[in-house]
Amino acid sequence: MFQQIIVPVDGSDRSWVAARAGAVIAEACAAELQLIRVVADEPTGDDARAEIERALEAGAPLATPPKIVPVIAPASSGSTVGAAIAEYVESINGAMIVMSSTGRGRSAAVLGSVADDVLRSMFGPIIVLGPKASELESFTGDLVVPVDGSDFAETILPIAASWGIALGGSPWVVEVITEPVPPSVDVFESSYAHRLAQGMQEQTHHEVEFEVLHGGHPGGEISDFARRIDARLIMMSTHGRSGLQRFTAGSTASAVVRTADCPVVLHRPPVFAVD
């Protein structure tokens, strides 16, 4: 599934939660685990490597022994931390980045606000652990896949289908309706999510479930549903455009990351990329 799992660490507790999650994922995928830190030069990189090694010796061992890689992004180049991370990840075939969205450490909150910078600097999915994400014990299980009626939101579906097969779980295609629906309308069996789930199942010959949620706070509804079914991941595109009765993926993605108990896979496809 992946050959390299790359986790930026900055010394914060949340970055080590991401590191432990990355180790679980690397073990499940038989992949190499890399812990990286962005530095200004080689001497600083040596210090960063020694600091990470001391932290590993002092803490519980990771499920997969890591390789420690200082990523050099000289300040004179004008490169941001997020751009340096993205450039490094994209230089490696079969790499997946796992990062915390709330870290605050010596690298200028490299794992907090920089998560958005990473997304803006690269295409394809990244795995993000928000402030409520608990320790990842297994990388096998069901996936929640929110959609909003837009072509953009649906770009995550082929990825979710392949990941569901690889992880031995079922993708759950989920739509959130935010406005009241007349009692005469059967939004469940005739739902947009139902049609997408049927199409995915026909294409992959793998079980795909669906659900229709109702509520004024789509991010919270999605996170609550993932919690109820003990989902392993939530997978979604990072922005979308839709009608008034459905959520907009772009405005909802950050709310899902903030409230989810599980990691969130954020996908930014090149064809829809905007600044």
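## Contacts, cores and helix packing

Residues 24 or more positions apart account for 77% of the protein's contacts with a separation of 6 or more. The model is predicted. Nine helices and 10 strands make up its secondary structure. The protein has 275 residues, and 52% of them are buried.

**Nonpolar cores**

In soluble globular proteins, nonpolar side chains tend to be buried together. The largest nonpolar core here holds 48 residues. Which of its members touch the most others? They are Ile 5, Val 7, Ile 25, Leu 35, Trp 163, Val 173 and Met 235. Helix H1, residues 13-29, gives the most to this core: 10 residues.

Leaving out residues up to four places away in sequence, what does Val 7 touch? Its partners are Ser 15, Ala 18, Ala 19, Gly 22, Leu 33, Gln 34, Leu 35, Ile 36 and Val 98. One of these, Leu 35, is also among the core members that touch the most others.

**A buried arginine**

Arg 37 sits in strand E2, which runs over residues 32-39. Is Arg 37 buried or exposed? Its relative accessibility is 7%, so Arg 37 counts as buried; the cut-off for buried is under 20%. A polar atom of the Arg 37 side chain lies 3.2 Å from the backbone oxygen of Val 9.

**Two helix pairs**

Two packed helices are described by the angle between their axes and the distance between the axes. The table gives both values for two pairs.

| Helix pair | Angle | Axis distance |
|---|---|---|
| H3 (residues 81-90) and H4 (residues 114-121) | about 50° | 8 Å |
| H6 (residues 157-167) and H7 (residues 192-204) | roughly 55° | within 11 Å |

Take H6 and H7, whose axes cross at roughly 55°. That angle makes H6 oblique to H7. Their crossing is right-handed. Leu 157, Ala 161 and Ile 165 of H6 meet Leu 196, Met 200 and Thr 204 of H7.

Now take H3 and H4, which pack at about 50°. H3 and H4 are therefore oblique to each other. The H3 and H4 crossing is right-handed. Which residues make the contact? H3 supplies Val 81, Gly 82, Ala 83, Ile 85, Ala 86 and Glu 90. H4 supplies Val 114, Asp 117, Val 118 and Ser 121.

How values were computed:
Residues numbered from 1 in each chain as written. Predicted model: local features only at pLDDT ≥ 70, side-chain atom pairs only at ≥ 80, totals over all residues. Heavy atoms only, no water. Core = buried A, V, L, I, M, F, W, Y, C linked by side-chain atoms within 4.5 Å. Buried < 20%, exposed > 50% of the residue type's maximum accessible area, 1.4 Å probe, protein only. Helix = DSSP H or I, 4+ residues; strand = E, 2+ residues; numbered from the N terminus. Contact = heavy atoms within 4.5 Å. Polar contact = N/O pair within 3.5 Å; in protein donor to acceptor, adjacent residues only side chain to side chain. Axes fitted to C-alpha atoms, helices over the stretch in contact; angles between N-to-C directions. Parallel < 35°, antiparallel > 145°, perpendicular 65-115°, else oblique. Left-handed = near helix turned anticlockwise from the far one by under 90°.
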